[in-house]
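Please have the model open as you read.

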Amino acid sequence: MSIINRTAFFIFKRVILLLGYFMLLSGLIGCGALRAINPPTATPTITLTPTLTPTQTTTATPTLIPTATELPVLCGGPRVMYVLLVGSDSRSNGYIIGLADSINIVRIDFVEPRVQLLTFQRDLYVDIPAIEKHHVTKGKLNQAFLYGNPGYGYYDGPGQGPGLLALTLENNFGAHVDHYVAVNMHSFEKIVDAVGGIDINLPYVVNGRVKGSKDPDRYFPSGEQHLDGYHTMLLARMRPLGVFKRSEVQSLILQSLANKLLSPKGFQKLPDLIKTFYASVQTDLDIPTIGQLICLADKLNLQKIEFFNFPESLFKSGRVSDPVLGYTSILKVDFEVLKKYVQVFDNGKWSQVKETLDNGVIIQ
């Protein structure tokens with residue numbers, strides 16, 4: 001299983017500390033509260049009553065109902081918030097059209113300050129709900145974002161492209177989404193340049209050149225290197241080693257962005273960066289929610305930011321005849337297994353049970 005822990009993909013964002021951070025993250029690769037924010041889970045109570053033998057008589061004794069001590073929710077937020085982060089492949093300034101080049105759900109824990117990110121592969125072939133009247137019921141996961149945005153305008157619900165993508169993730173995998181952030185390639189490049197580029201340490205060569213090409217912009221050696229916005233965008237999008245290696249590289253890019261943004265010098269730039277780029281992203285994060293994220297970010301450290309991928313062994317390459325794409329390549333996987341992983345992610349238990357899940361054991 002590919003899991004990159006520790007630090008903070010193709011164009012996301014931040015929220016002054018966290019909003020600011022998210023604004024950068026969304027753009028890395030490539031709802032207005034789609035659901036009500038999850039209410040705090042009620043504190044369970046345990047009722048203890050004495051066991052009686054046949055010869056005993058019942059005595060009126062008080063029932064013991066100890067209440068488990070529950071940690072407080074920080075910053076006035078929900079216990080957990082789920083944010084859909086999308087990197088659009090659109091090169092324009094807006095979000096009229098474009099596929100979801102990267103798809104991630106971020107789980108933000110307001111009880112134990114923690115941020116966890118789960119990547120969904122864009123080539124999963126899924127049921128796309130709510131647009132049947134346009135004679136579309138299936139497609140690749142990344143197409144849900146395309147069909148919901150104004151260029152197609154198939155979706156009448158909230159959130160446009162991110163809204164339809166969130167609904168698709170929920171219907172197919174049981175994923176929760178409270179808010180969304182999407183960033184296109186144009187905005188991503190500018191955001192990375194605004195923070196002075198990133199420093200990244202690649203564990204392997206990434207060569208995105210076509211045969212016979214010597215284009216230096218599409219060759220990235222292994223080891224440490226400094227990248228500007230344009231080259232970071234190119235690196236995040238290339239997949240010569242396959243889609244799962246690309247997800248690993250995208251996580252490393254996020255890692256590098258987190259190091260930059262959560263440094264003392266990065267903190268100083270965040271308010272201006274948010275002000276400059278907020279209008280360049282597609283998001284439903286409002287002022288109160290941003291305030292909660294800003295507050296939580298101040299309590300967050302890099303060791304509490306984790307990146308998760310579904311095990312590559314679960315997937316197989318395949319092809320389907322799609323009415324829009326023709327005979328197209330897809331990733332085949334048992335959706336019921338992915339639903340189990342999503343449930344574990346939602347519960348914040350991924351790290352504890354990943355080996356058991358890998359071995360095919362169902363977690364109740």
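Helices (H or I, at least four residues) and strands (E, at least two) are DSSP runs, numbered from the N terminus. The model is predicted, with local features needing pLDDT of at least 70, side-chain atom pairs counting only at pLDDT 80 or more, and totals for chains, interfaces and linings using all residues. Residues are numbered from 1 along each chain as its sequence is written, and side-chain values use heavy atoms, with hydrogens and water left out.

**Surface patch**
- Ile96, Ile97 and Tyr152 make up a nonpolar surface patch, together exposing about 280 Å² of accessible area (Shrake-Rupley method, 1.4 Å probe, only the protein chains shown as cover).
- Such a patch takes residues with over 30% relative accessible area and no salt bridge, joining nonpolar side chains (Val, Leu, Ile, Met, Phe, Trp, Tyr) within 5 Å and like charges within 9 Å; a salt bridge is a side-chain nitrogen of Lys or Arg within 4 Å of a carboxyl oxygen of Asp or Glu.
- Ile96 sits in the loop between strand S4 (80-88) and strand S5 (100-109).

**Aromatic pairs**
- Rings of Phe, Tyr and Trp (its six-membered ring) pair if their centres lie within 6.5 Å, with planes under 30 degrees apart counted as stacked, over 60 as edge-to-face and the rest as tilted.
- The count by this rule is 13 aromatic pairs.
- Phe120 and Phe310 are edge-to-face because their ring centres are 5.3 Å apart and their planes stand at 75°.
- This pair links distant parts of the chain, 190 residues apart: Phe120 belongs to strand S6 (residues 114-120), and Phe310 to the loop between strand S15 (305-309) and strand S16 (316-322).

- Cys75 has a positive phi near 65° and lies in the loop between strand S3 (27-28) and S4.
- Ala130 has a positive phi near 70° and lies in the loop between strand S7 (125-127) and strand S8 (138-140).
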